[in-house]
Amino acid sequence: MDCKHDIYASYTTLSEHTHNNEGEATTGIVQIAWSTISIVIENRLDSAKKIGMNRLFKNLKLNPKFLPLWQLLSPPFTFLALSRLTLIEKTSKIKITGLDELSQGGPYIFTNWHEHLPYLCHHHGRQGQRCMLMSPAPYMTPIDMWCRTTGLHVIRRSNSDIALVSLAEQINPTPHSQSPPYSVVLAIDGPAGPPHVPKRGCIQLAQETGAPIVHVNYTSARGTPDLTRWDQWLWPVLADDIHIHYSSPLRIPADVSLTEGTRMVQALAASISS
């Protein structure tokens, strides 16, 4: 801002004295040139700092050598997250619509938008027999511990095809498996958006396993979205009024195209949107 003010001031001075004194005009030109150079240097330094910080943060998040750091942070993070959500649960009015209408047989593919992850992780964990797909990146280790503590079974995979096979095995265990079938929880516009655009994985999983999709969201009377994030996470607060909505089950036939399947999932989500 100071540099921009200097340019404006220099330009004003130059305009006033150009016709009166050539020496002053020359000085004004030098001042403008110097101010312009200063702005360019300042902007490039700011960009370099931002790039450097972004690289450092990305390295901390993804480099396996920093895994011990994230493991060290996991217990306090889990304690704080569970404490916060338990207090919210104890002090808030919570209404659940649509869950009782689902058959007890299952399993289901429970989908949600990324913005509703904060409270739904806690909610799904409390229901039992539900698993969640999660990135194996080191920085997700605290989230992993928190979700497991709530009761979720966590599967950490990065390759989408391998992840799809792993989730399908949770829904339909092999005859030799000792594990019972699990419903699957998927944030279908994650991990990085665009928001409210479902990825193909949920559609492929529904077609391959035959499991119905049930979309889940919630509203919060006092919570506010985090506008600094791409997904605008919605965190409930103490003494809140929370309403969790379950849609009707939707089966996607194997012969339905990806485009049509995407449209069906978006329509399902819209059917319970607030």
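Which residues do ring pairs link into a cluster? I looked this up in a predicted model. Ring pairs join Tyr108, Phe110 and Tyr246 into a cluster.

**Entry: the whole search.** I searched the whole structure for aromatic pairs and noted five. A pair of aromatic rings is described by the distance of the centres and the angle of the planes.

**Entry: Phe77 and Trp146.** I found this aromatic pair to be edge-to-face, with 6.3 Å centre to centre and 80° between the planes. I then looked up where the two residues lie. Phe77 is in helix α3 (residues 67–91) and Trp146 is in helix α5 (residues 141–150). They are 69 residues apart, and the pair links distant parts of the chain. Phe77 has a relative accessible area of 33%, so I wrote it down as partly exposed. Trp146 is at 5% relative accessibility and therefore counts as buried.

**Entry: Phe110 and Tyr246.** I read a distance of 5.7 Å between the ring centres of Phe110 and Tyr246, and their planes are at 90°, so this pair is edge-to-face. Phe110 belongs to strand β2 (residues 109–112), while Tyr246 belongs to strand β9 (residues 241–246). Are Phe110 and Tyr246 buried or exposed? I found both to be buried.

**Entry: charges over rings.** I looked at Phe110 again and found the charged end of Arg130 over its ring, 4.1 Å from the centre. I also noted Arg229, whose charged end sits over the ring of Trp233, 4.0 Å from its centre.

Key. Residues numbered from 1 in each chain as written. Predicted model: local features only at pLDDT ≥ 70, side-chain atom pairs only at ≥ 80, totals over all residues. Heavy atoms only, no water. Phe/Tyr/Trp six-rings, centres within 6.5 Å; stacked < 30°, edge-to-face > 60°. Helix = DSSP H or I, 4+ residues; strand = E, 2+ residues; numbered from the N terminus. Buried < 20%, exposed > 50% of the residue type's maximum accessible area, 1.4 Å probe, protein only. Lys NZ or Arg CZ within 6 Å of the ring centre and 35° of its normal.
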